[in-house]
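Below are my notes as numbered points, to be read with the model open beside them.

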Amino acid sequence: MLQQIPQRPPTYPTSMAQGQRVATGEAHGKAILLGEHAAIYGAPALALPLQELRCRVTVCGSPASTAGASRLYLATPGPQGAAEETARAVPEEFLLLLSAFAERAGLGAPPAVDIRLDSRVPPSSGLGSSAASARALVRALDAFFATGLDEQTIFDLVQVSERSAHGMASGIDALATGSERPILLAGGRLRTPSVGSGFYLVVADSGSGGSTRKAVGMLRDAFARNPKGRTRFVHRSTALTEAALEDLAAGRLPALGRHLTDCHAMLAALGLTTDRTNALVHMALDAGALGAKMTGGGLGGCVVALTTTAAQAASVSTTLAGRTGARTWIAAVAKEAEHDCP
């Protein structure tokens with residue numbers, strides 16, 4: 001079941017007027033274990049939530065106001081730790097989301113509100129930054145206007161933003177950034193997969209921002225020229241994911257790790273990896289990871305590495321950070337049974 005993220009009490013950013021209505025929404029990052037890109041063409045995809053990487057949106061204004069334009073403020077850590085705000089143009093994907101929300105909420109026109117985005121999900125990293133921001137904004141708007149949106153409507157609105165940001169969107173990011181558990185999207189069915197043994201996932205940022213839109217477009221053009229290549233890719237990705245799910249359910253972590261590394265090789269053959277992400281994968285394997293791969297859109301961004309214990313995860317993380325300066329995070333995944341998500 002997709003769990004709603006607990007909402008913190010509203011705050012009053014310095015750029016937002018006291019006395020106006022304020023509402024907040026939250027989401028978090030995600031990491032795709034298997035199925036990125038192939039999910040767009042109907043293959044299964046498996047993703048994990050990265051709840052340490054939080055994203056929070058605060059909306060402020062008058063619910064009745066449609067005069068003027070919405071404004072966006074990005075919160076970034078200042079030199080003394082206090083957040084600093086920078087005004088930015090509202091991106092096209094947010095404008096489309098605001099219009100779609102207004103239509104769903106029966107507002108007549110897009111709301112004119114101040115939006116404060118405070119996200120710890122690194123952008124252009126393959127960790128769901130755009131989806132987390134969109135989901136947090138939808139939840140903040142839902143609270144602000146008291147519309148009581150259900151999860152399907154929230155998903156649909158996030159997808160409006162995601163399709164604008166990336167050109168094509170499978171929906172896995174829109175779902176995973178709002179889930180507290182691993183999720184599997186397969187055949188139009190969403191469920192939490194069986195995890196036979198807990199494990200730890202190390203996430204390492206290559207420091208080179210990727211572009212999901214560029215990667216999606218590159219594959220789309222390549223497959224238009226070579227439809228058989230698309231068929232082979234979808235079949236191979238599906239086979240890897242299905243085999244990995246069997247090993248995940250049985251707790252066969254070494255075998256699961258090998259599938260991750262095989263997936264990286266498959267994505268590398270399509271030109272989606274870089275020298276930096278390839279190097280991180282090799283370093284993680286040399287440091288004792290059971291498997292490693294790029295994650296997300298590729299052409300930069302992050303890699304993930306599978307380990308059995310917290311100590312092994314810390315060792316791999318320390319090695320990657322020490323040798324490359326990469327930012328790293330560790331996510332723990334607990335043992336649990338499979339169940340459907342409504």
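1. Helix 7 lies across strand 8, strand 9 and strand 10 (302-307), and its direction makes an angle of about 40° with strand 9. Here contact means heavy atoms within 4.5 Å. Axes are lines fitted to C-alpha atoms, for helices over the stretch in contact, with angles from 0 to 180 degrees between N-to-C directions. Helices (H or I, at least four residues) and strands (E, at least two) are DSSP runs, numbered from the N terminus.

2. A word on the basis: this is a predicted model, in which local features need pLDDT of at least 70 and side-chain atom pairs count only at pLDDT 80 or more, while totals for chains, interfaces and linings use all residues. Residues are numbered from 1 along each chain as its sequence is written, and side-chain values use heavy atoms, leaving out hydrogens and water.

3. The strands under discussion belong to an open sheet of four, ordered 9-10-8-11 with antiparallel pairing; two strands pair if DSSP finds at least two bridges between them. Strand 9 (291-295) and strand 11 (328-333) are the edges, each pairing on one side only. From one strand to the next the twist averages 25°.

4. Do look at strand 8 (residues 199-205), which is joined to strand 11 by six bridges and runs antiparallel to it. Within this pair, V202 stands opposite I330 of strand 11.

5. Which helix packs with helix 7? The axes of helix 7 (residues 253-269) and helix 8 (residues 275-286) come within 12 Å and cross at roughly 160°. The two helices are therefore roughly antiparallel, a label for angles over 145 degrees. T261, H264 and A268 of helix 7 make the contact with T277, N278, V281 and L285 of helix 8. These contact residues comprise three nonpolar, four polar and no charged.

6. Elsewhere, strand 6 (residues 183-186) and strand 7 (residues 189-192) pair in the antiparallel sense over three bridges, with A186 opposite R189. Their hairpin has two residues between the strands, and G187 there takes a positive phi near 60°.

7. Is A146 buried or exposed? A146 sits in the loop between helix 2 (129-145) and helix 3 (151-166), and it counts as exposed because its relative accessibility is 65% (exposed means over 50% relative accessible area, with a 1.4 Å probe and protein chains only). A146 and A23 are 123 residues apart in sequence, with their C-alpha atoms 9.7 Å apart in space.

Notes. Parallel < 35°, antiparallel > 145°, perpendicular 65-115°, else oblique. Nonpolar A, V, L, I, M, F, W, Y, C, P; charged D, E, K, R; others polar. Buried < 20%, exposed > 50% of the residue type's maximum accessible area, 1.4 Å probe, protein only.
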